[in-house]
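Welcome, and please take a moment to look over the structure below.

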Amino acid sequence: MATIINADTSDGLKLTSDTSGQIDFQSAGSTKATIDTSGNLKFDSGFGSVGTAYGCRAWVNFTGANGTIQASGNVSSITDNGTGDYTVNFTTAMPDANYSVVVTAGKQGEPSGTGTPVCSLRDNSTAPTTTAVRIGVEHSTTAGAINALRINFAVFR
Amino acid sequence: MRIIYETSDGGVAVIVPAPEYLLTHTMEELAAKDVPAGANYEIVEDSVVPSDRAFRGAWTWA
């Protein structure tokens, strides 16, 4: 029989641990998810045991030709520095600059018919910081900067 | 709205706000956060920024 737990005050529903400081979610006798003493969320989800979930700290989908943002999370703005040259600015800063960045770009864009886009960190000129990171999109063979129709960006830390 | 500012090499950068950010912040707050310290900047309508980018690298602050 299902058990429904409702908050009985206006302070919301709080789940607190015992003195170990860890909260486990168990099913059929085994742990399926955990929040450990450091606040790390761990889950099974088919791994066979619980593992830490490394969340996406920022993401954005934008248009290369004008920087227009279709959708985003933890991104305050895109700075259009020039053709194929952008800075992604974070709403909430990262804990340090050692995060991992993933960038992809579609094959449609300006100039048209230029083939495969290559995405990069522009860390040769501007090092990533806790508040922003500069990225570039170039043509795979000419190395000329291009404005891809769609650019996807994500940060993991 | 857009924020345009003069880059250190005399060019022009354009800041495009995230719609999500503007739900809780103003353009002035965005400028204070994302425009490099000391740079000349202006908050402008979208239409002020040229759509023709053929000579994007030649844009200058005037």
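How many of the residues of strand β8 (residues 85–90) of chain A are buried? Keep in mind as you look that this is a predicted model. In β8(A), 6 of its 6 residues are buried, so the strand is mostly covered, with buried meaning under 20% relative accessible area.

Strands of a sheet pair through backbone hydrogen bonds, and the pairing is either parallel or antiparallel. On one flank, β8(A) pairs with strand β7 (residues 75–82) of chain A in the antiparallel sense, over 6 bridges. Here you can find Ile78(A) opposite Val88(A).

Let us step back to the whole sheet. What is the order of the strands in this open sheet? It runs β11(A)-β12(A)-β8(A)-β7(A)-β2(B)-β1(B)-β3(B), 7 strands with antiparallel pairing, drawn from chains A and B. At the edges stand β11 (117–121) of chain A and β3 of chain B, each with a single partner strand, so one side of each has no neighbour in the sheet. On average, neighbouring strands are turned by 25 degrees against each other, direction ignored.

Over in chain B, strand β1 (residues 2–6) pairs with β3(B) in the antiparallel sense over 4 bridges, and Arg2(B) stands opposite Val44(B) there. Helix α2 (residues 27–34) of chain B packs on the sheet. This helix touches β7 and β8 of chain A as well as β1, β2 (12–17) and β3 of chain B, and its direction makes about 65 degrees with that of β7(A).

The charged side chains come next. Over all chains, the structure holds 9 salt bridges. Which residue of chain B meets Asp80(A) in a salt bridge of 2.8 Å, N to O? That partner is Arg53(B). Asp80(A) lies in strand β7 of chain A and Arg53(B) in the segment after β3 (41–44) of chain B, so this pair joins two chains. Asp80(A) is buried at a relative accessible area of 2%, and Arg53(B) counts as buried at 10%.

Asp80(A) also forms a salt bridge with Arg56(B), the closest N and O atoms being 3.5 Å apart. Because Arg56(B) lies in the segment after β3 of chain B and Asp80(A) in β7 of chain A, this pair joins two chains too. Arg56(B) is buried, as is Asp80(A).

Finally, Asp36(A) and Lys42(A) form a salt bridge with the closest N and O atoms 3.6 Å apart. Asp36(A) is buried, with a relative accessible area of 11%, whereas Lys42(A) is partly exposed at 24%.

Technical notes. Residues numbered from 1 in each chain as written. Chains lettered and ligands numbered in written order. Predicted model: local features only at pLDDT ≥ 70, side-chain atom pairs only at ≥ 80, totals over all residues. Heavy atoms only, no water. Buried < 20%, exposed > 50% of the residue type's maximum accessible area, 1.4 Å probe, protein only. Pairing = 2+ DSSP bridges. Salt bridge = Lys/Arg side-chain N within 4 Å of Asp/Glu carboxyl O. Axes fitted to C-alpha atoms, helices over the stretch in contact; angles between N-to-C directions. Contact = heavy atoms within 4.5 Å.
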